[in-house]
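Hello,

Here is the structure I said I would pass on. Please look it over before reading my notes below.

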Amino acid sequence: MIEILDTKDIRAVRNKNTILDHYDLMINKRKAEEGTRNFRSGYVQHNPLMGDGRDALVRFFSKITQERVRSRIVVHRIIAAGDYVWAHANFLNFFTDDPKDTGVAGVDIFKMDAEGKAIEHWDTLQWAGNPKNSAPMIGLNIPRANLNGMFENKT
Amino acid sequence: MIEILDTNDSRAVRNKNNILELYELMINTKKSEEGTAKHVRPGYIQHNPLIPDGSVALGQFFGRITRERARARVVVHKVIAVGDYVWAHVNFLNLFNDEPGDTGIAGVDIYKMDAEGKAVEHWDTLQFVGEPKNSAPMLGPNIPRANPNGMF
């Protein structure tokens, strides 16, 4: 994981740590209640599948992590400045138990308040696919036009 | 548009301005090849699965779309810049159709810049925006939106 922030900016460091802790607890450790302790009850949700509020977030992820034993998140890079934390992540085995699942590539955008609690969230998500079926949102079996993968660092 | 950066960080300010100008040239003013030649290194590493490596391939990709689609445009909603990175939350509109009511694609672009402020690597995540009655076309048709907040 690459962390992109000014390490002297204590607000950004705190907020980044809060979001990494959130992912690890809510998804990888399957403790959604504990993992959302730094989320406001009135959290505004822009992901179209979830209702507003911390409780809706807990319900959504509790269901998935209980149903899908392999479900997990890998954070590849994270940037934080001011009240915002943005993370580029791979959500794996959320919708299938196939060990070869390449999952969903997403960027989450969190807005935090002055106390470091999450108050609003946006995201963009796409199927990661694979080199022979690289853009399933557009069509089947579109080969990848480069050798670089969705997350790797090449420079 | 919300700009998220330390305005005392001259590198971040420059990089952010370069990416905003890249969008404007490459898409909104339909000067794709000019924009990519100005702000993107020839050896640009591309992670978007539909586009090959390099600044020339990027200019050609958007050159073709912006010539074919008269309404093609991008609206940048938020941009964050720190160090060598610029990330932008954007809405690509009318890249694949000419419908005035198109809701387009929601994306986050991640650019890594070099010391001179040119883009050297790019990742993105993209999804169709849909609309409140068909809010998650990547998962299935006609899934209603669970909140009243929109994508941006």
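Confidence

Keep in mind that this is a predicted model. The predictor assigns the complex an ipTM of 0.97 and a pTM of 0.98. For chain B the average pLDDT is 97, and 100% of the residues score at least 70. Where pLDDT is low, predicted coordinates should not be read in detail.

Chain B overall

Chain B contains three helices and six strands. Read from the N terminus, its elements follow the order β-α-α-β-α-β-β-β-β. Along the principal axes, the C-alpha atoms of chain B fill a box of roughly 45 × 35 × 25 Å. The radius of gyration of chain B is 16 Å, which agrees with the value near 15 Å that a compact globule of 152 residues would have. Of the 152 residues in chain B, 43% count as buried. As for contacts in chain B between residues at least 6 apart in sequence, 42% of them join residues at least 24 apart.

Helix H1 of chain B

H1(B) covers residues 10-28, which makes 19 residues. From its first C-alpha to its last it reaches 26 Å, close to the 27 Å expected at 1.5 Å a residue. Its buried residues include Ala12(B), Asn15(B), Ile19(B), Leu22(B) and Met26(B); Lys16(B) is also among them. What do the buried residues of H1(B) pack against? The partners, within chain B, are strand S1 (2-4), helix H2 (32-39), helix H3 (55-68), strand S3 (73-82), strand S4 (85-93) and strand S5 (105-113). After H1(B) comes Lys30(B), which has a positive phi, near 60°.

Helix H3 of chain A

H3(A) runs over residues 54-67 and has 14 residues. Its reach from first C-alpha to last is 20 Å, close to the 20 Å expected at 1.5 Å a residue. Arg54(A), Leu57(A), Phe61(A) and Thr65(A) are buried in this helix. These residues lie on the same side of H3(A), because they cover an arc of only 60° around the axis. Lys63(A), Gln66(A) and Glu67(A) are exposed, on the face of H3(A) turned away from its buried side.

Contact between the chains

Chain A puts 38 residues into the contact and chain B puts in 40 residues. On the side of chain A that touches chain B, strand S2 (39-45), strand S3 (72-81), strand S4 (84-92), strand S5 (104-112) and strand S6 (118-127) each supply at least two residues.

Regards

Terms used:
Residues are numbered from 1 along each chain as its sequence is written. Chains are lettered from A and ligands numbered from 1 in the order in which they are written. This is a predicted model: local features need pLDDT of at least 70, side-chain atom pairs count only at pLDDT 80 or more; totals for chains, interfaces and linings use all residues. Two residues are in contact if their C-beta atoms, placed from the backbone, lie within 7 Å. Helices (H or I, at least four residues) and strands (E, at least two) are DSSP runs, numbered from the N terminus. The radius of gyration is taken over C-alpha atoms; the globule rule is 2.2 Å times the number of residues to the power 0.38. A residue is buried if 20 or more other C-beta atoms lie within 10 Å of its own, exposed if 12 or fewer, and partly exposed in between; C-beta atoms are placed from the backbone. The expected span of a helix is 1.5 Å times one less than its number of residues. The arc is that of the directions from the helix axis to the C-beta atoms. pLDDT is the predictor's confidence in each residue, from 0 to 100.
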